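Morning, everyone. I'll take you through one model today, helix pairs and sheets in turn. Please have the sequence and the structure open.

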Amino acid sequence: MAQVDILLITPPFIQLNTPYPATPSLKGFLHEKGFSVAQLDLSITCILQMFSRDGLQHLFSVAEVKGCSANSKKIFGARSEYIRHIDSVMAFLQGKDTTFAHAIVNGALPKAKRFNIQQNLNKHFGCDGVQDKAKFLATLFIEDLGDFITECIDNRFGFSRYAEQIGLFASDYNVIEREVQTDSPITTIMLNLLDKSIQEHSPKVVGFTIPFPGNLIMALKSALFIKQNYPSIKVVIGGGFVNTELRSLNEPRLFKLVDYVCLDDGELPLLKILNRLTKGDNQLLRTYVLEDGEVKYINNATEPDFDHSSIGTPIYEGLPLNDYISVTETTNPMHNLWSNGRWNKMFLAHGCYWHKCAFCDTSLDYINRYSPASAQVLCDRIEAIIAQTNQRGFHFVDEAASPAVLRKLADEILARQISITWWTNIRFEKAFTPELCRLLAKSGCIAVSGGIEVASDRLLQKMEKGVTIEQLVKSTLAFKKAGIMIHAYLMYGFPTQTSKETIDALEIVRQLFANRLIQSAFWHRFTMTVHSPIGLNPEKYGVKAVPLEPKSFAQNACEHIDTVGCNPNHYSDGLVTALYNYMHNNGLDFSLQTWFNFKIPKTTIAPNYIASLMKR
């Protein structure tokens with residue numbers, strides 16, 4: 001194969017069922033600009049190598065089981081059975097061999113701790129739901145192996161992350177530098193795959209997207225490998241983690257591994273870098289470089305970013321679209337959408353049309369600059385992506401999809417008679433009327449996710465969410481009547497949130513589940529970030545910021561002092577336990593005190609509060 005201008009890489013580890021959208025989007029854009037672009041999902045290729053007959057044999061051969069738990073020793077003792085079945089299980093989860101489902105439900109797989117579930121699977125999947133039940137059991141089999149790998153081979157491993165804690169607390173570059181230098185069997189697998197791709201494509205530039213903390217270390221390990229073995233290749237990093245954490249970059253040692261660090265949308269910065277390397281154009285945009293031993297931020301381009309209509313259609317060529325694996329991590333159908341199914345990820349707009357929430361990074365470009373594309377352009381992209389992938393499922397991954405954009409999109413989908421299934425993230429605002437929700441469902445919408453956050457009118461107003469509990473109920477009821485499932489993002493520990501407000505929020509959540517207004521949810525502990533309105537003006541929200549170290553490598557999340565609110569850590573276990581049960585239709589009639597091993601405040605939310613709002 002001829003030398004390509006750039007190889008775009010998603011480093012391990014990220015979700016298993018579908019490609020992360022960054023590299024296909026950038027490939028589509030750069031291809032339109034005349035550059036040759038290859039892409040590598042190093043995350044899924046590494047997983048597929050690990051969870052294969054040969055890969056598993058190797059991992060068991062290097063495992064250190066002395067001192068491990070009884071569960072891991074049980075898995076190790078049954079290693080021949082795991083090796084025997086692994087290829088069949090993976091082919092089943094890839095949708096390549098559905099017949100193996102019958103063997104799975106008939107007990108063919110070895111079982112360890114993950115199979116100790118207290119659920120009646122026939123109740124959830126039915127006696128005839130062989131495929132769904134088998135996928136759930138196959139997922140437990142894979143998760144058991146994941147537990148073994150984490151305990152006995154590499155404690156940094158996770159199916160959708162690697163060394164995440166280091167990435168989450170990446171203020172000290174000394175820790176990162178030491179970690180990058182360490183080796184493990186998983187690192188070796190990854191670097192062998194990377195080397196193979198570099199030899200195949202001979203890129204002039206390698207670009208890594210680092211969307212999450214759990215991608216940082218593997219990206220930097222890969223960069224180190226390139227510098228040691230292919231010193232002529234230029235290395236670029238960017239992505240969500242970089243955009244939020246490295247905006248005050250001052251660490252020259254990072255540039256032993258990389259040549260360029262890009263902020264915000266990658267289209268224009270990468271275009272400038274490629275023009276610089278191939279055409280001698282020295283102009284850079286939103287890019288850190290090392291000059292004369294000092295880290296310098298160069299942002300001297302004059303043209304604006306491309307609007308969302310001008311970035312082109314994602315190109316998936318080079319990604320193993322038939323090899324991604326769908327897993328069923330829970331019996332909750334809404335919660336499974338993130339990991340089950342080969343969804344085409346696509347943005348309807350750049351940024352957030354609301355961009356006012358006090359906890360969000362509203363000062364940054366990825367939130368603050370709102371740029372929608374027309375329904376015609378979006379449907380053109382949808383049709384082009386279907387032609388590439390042969391998949392008609394779409395996850396529109398906007399920060400919050402605008403009701404106006406969704407209405408026009410639904411009308412265009414129906415006018416073109418496109419048959420797709422889709423879901424997206426929204427705000428529970430008044431524009432989502434019963435009529436609009438029915439239209440969205442008719443166009444293929446099966447689910448939405450949205451922020452209920454603190455479930456308190458006082459705190460919703462304080463965080464400038466722009467919705468009330470009453471409005472939330474009206475919106476969720478409209479979606480429910482249209483047959484659209486709902487996942488709720490929940491938050492606890494928001495500035496000045498008291499113990500009583502925390503328990504009242506749990507009661508509202510309980511009633512939302514009891515009235516079938518939401519099907520799934522997840523609690524997030526509030527974290528103050530330096531780019532949010534709270535981080536920029538903490539006194540306005542009743543808290544005091546704890547200053548970051550001035551030479552911190554990563555600077556985003558910051559500690560704060562709240563003299564009014566309760567200690568959120570005190571309630572976390574109870575909130576999570578209650579929510580897990582509610583999601584599985586358990587304990588909805590239990591006292592809230594059931595979920596806590598200490599005395600909690602008595603809720604003052606009326607037991608029919610949500611039901612009464614539904615009647616208004």
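**Helix packing and sheets**

Let's start with a helix pair: H10 and H12 cross in the right-handed sense. A crossing is right-handed if the near helix is turned clockwise from the far one by less than a right angle, and left-handed if anticlockwise. The contact draws on Ile-176, Glu-179, Val-180 and Gln-181 from H10, and on Leu-216, Ile-217, Leu-220, Lys-221 and Leu-224 from H12. Contact here means heavy atoms within 4.5 Å. Sorted by class, the contact of H10 with H12 has six nonpolar, one polar and two charged residues. Ala, Val, Leu, Ile, Met, Phe, Trp, Tyr, Cys and Pro count as nonpolar; Asp, Glu, Lys and Arg as charged; the others, Gly among them, as polar.

Before I go on, the ground rules. This is a predicted model, where local features need pLDDT of at least 70, side-chain atom pairs count only at pLDDT 80 or more, and totals for chains, interfaces and linings use all residues. Residues are numbered from 1 along each chain as its sequence is written, and side-chain values use heavy atoms, with hydrogens and water left out. Helices (H or I, at least four residues) and strands (E, at least two) are DSSP runs, numbered from the N terminus.

Back to that pair. H10 covers residues 173-181, and its axis comes within 9 Å of the H12 axis, crossing at roughly 60°. Axes are lines fitted to C-alpha atoms, for helices over the stretch in contact, and angles run from 0 to 180 degrees between N-to-C directions. H10 and H12 are therefore oblique to each other. The cut-offs: under 35 degrees is roughly parallel, over 145 roughly antiparallel, 65 to 115 roughly perpendicular, and the rest oblique.

Second pair. Helix H2 (residues 42-50) and helix H11 (residues 185-201) have axes that come within 10 Å and cross at roughly 120°. So these two, H2 and H11, are oblique as well. The crossing of H2 past H11 is right-handed. On the H2 side, Leu-42, Thr-45, Cys-46, Gln-49 and Met-50 make the contact; on the H11 side, Ile-186, Ile-189, Met-190, Leu-193 and Leu-194. The contact of H2 with H11 has eight nonpolar, two polar and no charged residues.

Third pair. Helix H21 (residues 499-514) packs on helix H23 (residues 572-583) at about 5°, with the axes 10 Å apart. That angle makes H21 roughly parallel to H23. H21 brings Thr-502, Leu-506, Val-509, Arg-510 and Phe-513, and H23 brings Leu-575, Ala-578, Leu-579, Tyr-582 and Met-583. The count for H21 with H23 is eight nonpolar, one polar and one charged.

Now the sheet. In what order do the seven strands of the open sheet run? The order is S2-S1-S5-S6-S7-S8-S9, with mixed pairing. Two strands pair if DSSP finds at least two bridges between them. Strand S2 (37-41) and strand S9 (294-298) are the edges, each pairing on one side only. From one strand to the next, the twist averages 25°. Look inside the sheet: strand S5 (residues 205-209) runs parallel to strand S6 (residues 234-238), joined by five bridges. Gly-207 sits opposite Val-236 in S6.

H11 touches strand S1 (6-10) and S2, its direction making about 160° with that of S1. H12 (residues 213-229) touches S5 and S6, its direction making about 170° with that of S5.

Stay on S5, where you'll find Thr-209. Is Thr-209 buried or exposed? Thr-209 counts as buried, at 9% relative accessibility. Buried means under 20% relative accessible area, exposed over 50%, partly exposed in between (1.4 Å probe, protein chains only). Leaving out residues up to four places away in sequence, Thr-209 touches Ile-9, Thr-10, Pro-11, Tyr-20, Ala-22, Thr-23, Gly-238 and Gly-239.

Last stop, strand S16 (residues 485-492). Six of its eight residues are buried, so S16 is largely enclosed by the rest of the structure. Strand S15 (residues 445-453) pairs with S16 in the parallel sense over six bridges. Val-448 stands opposite Ile-486 there. S16 also pairs with strand S17 (residues 520-525), again parallel, over six bridges. In that pairing, Leu-490 faces Trp-523.

That's the tour. Over to you.
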